[in-house]
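The sequence and structure are shown first.

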Amino acid sequence: MTPHGRQLNGNMPVHPLLASRFSPLQFDPGWTVTEEDVELLLDAARWAPSAGNSQPWAYFVARRDEPDHKRVVRHLARSSARWAPSASLLIVTMAHRYVEDTDWAYSDFADYDLGQSVAHLTLQAHAMDLACRQFRAFDLETLTTDLNPSPGWGIVSMIAVGRPAEPPPPARDRRTTTDLQTAPWS
C-alpha cells in the first residue's frame, strides 16, 4: 500500500519516496543545511541521465545567512519573498542552451535534462528528510545580470531547500493516469 492507501491492480505501489514528497508552503528558519548536505544533493543531481551524456546543468548554491543568499533573495518576486528566504538553501538552476558565440542550440534537450537533474536532487533531499519547492517567481533579467553566467548558459528556475515548517498535507490532488494519457486529445 502507498502512504495514501492506494495500490493499483495488485501491482507494486509507487515508491513511498515519490508518494510522500511534497512542496512545503513554509520552511523552518531555525534549521541550517550543512556543507555535507549540499554536497550530497549536488552529487545526486549529477547522476541524472542526459542527452549524449552532455550534463547541461549547473547550480548556483546560496546558503541562508551567507552573502550569496542575500544576493539571490533581493531578486525574488513579492510572492516568493514571503516564504523562500526562510529556506536553508536557495539554488539557482541553469541550463547550457547555446554553443558559445553562436545562436546554435547546445542541446535541444538542455531544459529537459536540467529537469531530470533537479528531480534527482529533489528526491535525494526528501530521502534526507528535507523538502524542496521549485519556483520561477523572481526577476530573471536582474538575477542574470547579477550572477552573469557564462555565454550559452541560461537561468531557468530556483529551488528552495530546507526542513518543512509544517507536516505534509493529509492528501494531495493529482491528475489520474487516464487524464495524463488523454488530456491532450480531449
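## Strand pairing

Valine 61 has isoleucine 91 of S2 as its bridge partner. Strand S1 (residues 57–63) and S2 run antiparallel and are joined by seven bridges; strands pair if DSSP finds at least two bridges between them. S2 also runs antiparallel to strand S4 (residues 153–162), with eight bridges, and leucine 90 stands opposite alanine 160 in S4. Strands (E, at least two residues) and helices (H or I, at least four) are DSSP runs numbered from the N terminus.

The model is predicted: local features need pLDDT of at least 70 and side-chain atom pairs 80 or more, while totals for chains, interfaces and linings use all residues. Residues are numbered from 1 along each chain as its sequence is written, and side-chain values use heavy atoms, without hydrogens and water.

## Burial of S2

Eight of the eight residues of S2 (residues 89–96) are buried, so the strand is largely enclosed by the rest of the structure. Buried means under 20% relative accessible area (1.4 Å probe, protein chains only). Leu89, Ile91, Thr93 and Ala95 point one way, and Leu90, Val92, Met94 and His96 the other.

## Lining residues

Leu18, Arg21, Ser23, Ala119, Thr122, Leu123, Cys132, Arg133 and Gln134 line the second largest pocket. On a 1 Å grid over the protein atoms alone, a pocket is an open set of points where a 1.4 Å probe fits, with protein on both sides within 12 Å along at least five of seven lines; lining residues have an atom within 4 Å of a point. Helix H5 (110–127) and strand S3 (131–135) each supply at least two lining residues.

Note on methods. Buried < 20%, exposed > 50% of the residue type's maximum accessible area, 1.4 Å probe, protein only.
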